[in-house]
Every structure is written in C-alpha cells, then in structure tokens.
Amino acid sequence: MTINLLLLMALTITALGSVLKKDLVKAAIALAVTSIILTILMFRLASPLAAVFELSVCAGLITVIFMSTISLTKPLTAQQEEERLHSRAKHFASLPVMVIAAAAVLVFVGIPTNFILPPAAPAGDVRNVLWNERQFDLVGQMLVVLAGCFGILVLFKERVKTTRRAGAAWMRAIPPTAAGDKFNNGAQAPMKDDEVVSETVPFESVGRKT
Amino acid sequence: MASLLILVPLLGVILLNLPLRFLKRLAFPFALALALIQASLALFLPADLWNRIVVSFDGLGNFNLTVDRLSIVLILSIAIVLFAALFVGWFTIQDEKKRFNFINLLILAVIGMNGVVMVRDLFSLYVYLEVTVLASLVLISLDRDRDGLEGSFKYLILSTVATVMMLTAIALLLMTTGSTSFSEVAAALKTRPDYVTTLAVAVFVGGLSIKSGLVPFHGWLPDVYSSAPAGAAVLLAGIVTKATGIYTMIRLVTAVFGFTPQLKALLLFIGAISIVVGALAALGQKDFRRMLAYSSISQMGYMILSLGTGTPLGIAGAVFHLFNHAIFKTQLFVNAAAVEEQTGTHDMDVMGGLSARMPVTGATSVVAFLSTAGIPPLAGFWSKLIIIVAVWVSGYHIYATVAVLASLVTCAYFLSMQRRVFFGKLAEEFQSIKEARVGILVPEVVLALITIAIGVLFPYFLNSFILPMISIVG
C-alpha cells in the first residue's frame, strides 16, 4: 500500500512538472517519466500487457514524436517567459489550494472502498479477447492513426502560399470593420489587385507568437 | 451490412492515398457516392438486412453492430450533412492539396460518426467518439490561421475534459458491473442502484453535456463554430455535436441508465436553461455564425427537454427534432458560407439587401429560418409541436410555456438576421457581388426541398417514420 502511495505521489509530481516546466524538451521528458511510473503501477495491478503497451507507446513513441515536433518550433524569449509565468500564476493560483482542500475533505470523510467487486476470473487471454471480441475497437485504432497522419500532414507540411484573394477586390480598399476583420485575419497593408505574393509558410510563423 | 458503412469508406480512404496521380481526382466523386449510397441505404434497406453479417472471413469483420430505427435516422442525417459539407468544402477551398485533405478528413469523421451510432458497447462508443473528434479538430484547423488554430485548441481541451469524464464513468461502471456492453450494464444498474453508479451516471451525463454544448458547458461552441472554415463549420454544426452529444445522450439514457426521476429532472432543467440562454444570447449577436451557434444551443435544449420527459412521445419528438435540426442548421451554415464567400465578412451590420443579388440564397435562408422558428407547414413546426405537446402532456406546464415563449424569441432573432443580411437596401460595397456558385447552390436547394417536403408530407412520415420510433423505448 505504501509503495503504491509513493508511486502515485511521484506520478502527480512528474505530471505537474511536465505541465509547468518552461522548457518544452524537459516537459516532454517529464511526460516520459510519468509514463514509466504509470507502467510500474500497471505491473503492480497485475496487467503486464497493458504495462508494456503503455511503455512502448507513451514513453517511447510519443516522446519521439514530441521531440521531432519541438525541434520545429522556436523557443520563447526571456521576456515571453516572464509574461507567461505571470499570467500562469494569476490564473492558476487557486488550484493547489483547491486540491489540498479536496484532499483534506476526502481524508476526513474517508474514501469508501466497499463498492469494488471481487476481481472476476479473467474472461480469457488478453490477446484472445482483443482479437475476437474487440475487433471493432482495433478498426477504431486504425482510424485514429489515419486521422492523426492527416493531422500531421495538414498542420506541419510547408506549402507555398499565394495570397491573391479570389473575387473580393473591393475588400482591400475599405478599412477593417468595427467588428474585427475576421475574414482577413488581420491582413495589414492593402494589396494591389493583381499582385501575387508567394511565400513559404513554415509552421513557426503561424500561431507561436503570443 | 452495418459493418460495410465503416469498412468501405476506410478502404476508400486508404486507396485514395496511394501514390497514383489519377486518384486525387476520384476523391470528390467517391465521397459523393458514399453520401448518396448511405442515404439510400438508410431510406430503403429493410430492417432485417441491416443486421445481417455480410463480410466475415475467418472471424475477421465480426463486429458487434446493431442498427435500429434511431441509428437509421442518424445514418440518414450523417449522409445528408456529408453531402452538404462536401459541396461547400469543395467549392470554397482554393488550394488543391487542401481540398484533397479536406475530403479525406471528412470521410474519416463520417466513419467515426457511423461507428458511434451503431455500437452497443460503452468502450467502442468512446473509441469512435475520439475518431470523430480527432478528424473534426484537424478540419477546424485546416486553414492554419490564428482563429482556426485557437478554435481547434479550445475544442480539443474541452472535448478532452468531456472524454475524461466519460472514461471515468465507464471505469466506475466497469468496476461495479463487470462489463461495458449496453445490455449488461443496463441489467446490472437495475439490480444494484447505489451511490457509485449514480455518481458514474452523473459524471457521464456531465461529459455528454459538454460534448453537446448544453448550458452551462456551452462556452466553446460559438467560438469554434465561428472560427472554423466553411466546410468544417457545416459538418460540425450539422451533425458532429448532435451525433456525439445528443444521440449518445438519447441512446444511453434510454438503453443503459434508465429514466430515474432525478435524471429526468436534471435533463428537463438543463434543456430549459439551454433553450432560454441560447435564444437570449442569439438576440444580441452581430456575427452571423455566432448567432447561428447560439441558436444551435437553443435547439439542442429543445431536444434534451423533450428527452427529459421520458415518455415515448417525448423521445420521438427529440429524435425528429434532431433530424430536422440537422437539415435546417446545415442549410443555414451553407447559406452563411455562400454569403461569406461573396461578401468576405461575417458581420451582419455591414451586410444588407443581399437578396437582390443572391435570390436563391435568400429564399432558402427564409425556408430554413421559418423551419427553425416552428412555422407551419415546414418540418420544424411538426417537431416542435410534438416536443411541446409531449412536455405539456407529461405535466410540466411551466417548461412547456418556456419552450413556446422561447420559440417567439427564436422567430425574433431570425427575423432580425434575415432583415439585416438579406432584406433592406443593398450596401454600396456589395453592388458587384453575384449569386453563390452552382456548387454551393446545389446543397442549398436540396436541403430546402427536403425541409418543405417533410413539412408538407408529414402525415405520411408520422406513420412510417415517427411512431415506430417509439419501439426503441422499452
């Protein structure tokens, strides 16, 4: 029981670390460590196959994907870090207080454990169950991977952007409306009618600036 | 037959992405064929053929899918919205590669939703919900502009919160009942109702409320609907929130959780608040799509209010309103896409008198808003009538009155929208706009015709479509 408690506390600490750390690489490593602790917990809960899947996918594959993604982004400048830290502290100052209060309430009231059924005899070997009874979920898994691939294609592929807007030549003559220039997405200087601007749009120039 | 709705599009997506040049041009016809075939299957295939296993070699393809009348209504709605979103996306996106990606993601989202409406197991429901959400996320951020990425991020975070709540509930139910299939959980919930299962049901309903955009979890909906590109917004507003949120709520409450008095009271209350807050918030909007988003929240409140009565008539009303909402909300978003493409703005105060230059769009928009407000003889009138009658007959007179009054507010904000956008004097800068392209006119006209047809031919549908719905309630 004590070991489980220690593992859970370590899990919470590394998970918090992965969310709060400023450096993205360190955050990704903290996520990998979280996953390793989760693997140990799963071993202790007598499900070795789930533990192996967790280790190979989360601590292995996900960390690799994160590292390759992070290598495409620019790190924050010192000033941006300051601002981010301040806004974080402002927004989330009450969270630790609420967690400690909730924990105190639970300790006082006592967490009931009498609803858990005695462990049923396992219906079959995991591999058997997975392939014979859960095929539909495996197809779902395939779909998730496909959708993820398209996500990566859409979000990360560099493309040549031509910015001659079709049809709305009048639009460049009038100033943005009071309600905000949503359609233009803040395009600054008005362009001439037949001016074609080609530029490669790498990911870092979209959405990273605060 | 049911598994083909998943396997054939999946095979199609895999084949379309093989590195052969001519395949890119087959994307649009393939998706169009999928939509038409799915709609015809939903309308014309006899019930027993649906559940027959067609594909199975060696134990593969042996999925546990069941299709009943509720699923058929949803499958039809998915097919119709796919049709509309396909046309809008294809004709509003300029870049070739983006168009191809859009079609693929659209098909993936539709596979996910087909899976959601056909499963009979809590965990498979979760998996296919995630497929739909993932495909929708990428669709929202297709343009890679700041608004789209922000909207996609909001949807991601709130959807993850909702799925975490659902997973927690599934875990609790698995612990106490030992299984995740609908029938076994339902049987176990009847025999041992205790506070843990009540907690699980409450957490699940909370997660589903976030997914459906019901008040007080509706914060993400207007932002996401207004920042998505046109084709993605049509899909999202037309069917994704309904298939993942409202359908799941109806299915789980009728088949798994059962109608306890507390659950009914909760659903009635959430429904009534959503109706009122959505309608009042829509009154004050300047942005075209945000107004439509708040209107969606209000209409989904109607569906949940009707579900909360627990009577067969109420459930039939909720399902019929779900279908009608899919039609008229998609119609409105297609019109919004047409208007935006021609005028380049979302702001209703700037627009005016567009009906002079865009007569078809204006006329179909009138049909859609009359249907939303519940004006006879259009489809929306009948579904609203059934809902209000069901609520009144169950004894909740105050809720029924609220629903009727909110209907007046609905009429008010839509009239104001119509006047601001389509009627009135044509603004100076819009003198040179033209009617929307044929590609966008096709879904507009088709959807309007469906609305009128269902409204006028309602007595036929009552016997063959609506009343048999009552059989899904035990």
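Visitor: Is Ala46(A) buried or exposed?
Guide: This is a predicted model, in which local features need pLDDT of at least 70 and side-chain atom pairs count only at pLDDT 80 or more, while totals for chains, interfaces and linings use all residues. Residues are numbered from 1 along each chain as its sequence is written, and chains are lettered from A and ligands numbered from 1 in the order in which they are written. A residue is buried if 20 or more other C-beta atoms, placed from the backbone, lie within 10 Å of its own, exposed if 12 or fewer do, and partly exposed in between. Because Ala46(A) has 10 other C-beta atoms within 10 Å, the term that applies is exposed.

Visitor: Where does Ala46(A) lie, and what is its phi?
Guide: Helices (DSSP runs of H or I, at least four residues) and strands (E, at least two) are numbered from the N terminus. In those terms, Ala46(A) belongs to the loop between α2 and α3 (48-70) of chain A. Its phi is positive although the residue is other than glycine, and the value is near 65°.

Visitor: At what angle do α6(B) and α7(B) pack?
Guide: Two packed helices are described by the angle between their axes and the distance between the axes. Axes are lines fitted to C-alpha atoms, for helices over the stretch in contact, and angles run from 0 to 180 degrees between N-to-C directions; angles under 35 degrees count as roughly parallel, over 145 as roughly antiparallel, 65 to 115 as roughly perpendicular and the rest as oblique. The axes of α6(B) (residues 122-140) and α7(B) (residues 146-177) are 10 Å apart, and the angle is about 175°. The two helices are therefore roughly antiparallel to each other, at about 175°.

Visitor: How many charged residues are in the contact of α6(B) with α7(B)?
Guide: Ala, Val, Leu, Ile, Met, Phe, Trp, Tyr, Cys and Pro count as nonpolar, Asp, Glu, Lys and Arg as charged, and the others, Gly among them, as polar. The contact of α6(B) with α7(B) has 13 nonpolar residues and 5 polar ones, and the number charged is 1.

Visitor: What is the handedness of the crossing of α5(B) and α11(B)?
Guide: The axes of α5(B) (residues 96-118) and α11(B) (residues 230-257) come within 10 Å and cross at roughly 15°, which makes the two helices roughly parallel. A crossing is left-handed if the near helix is turned anticlockwise from the far one by less than a right angle, and right-handed if clockwise. The crossing of α5(B) and α11(B) is left-handed.

Visitor: Which residue does a cis peptide bond join to Val215(B)?
Guide: The bond has an omega of about 5°.
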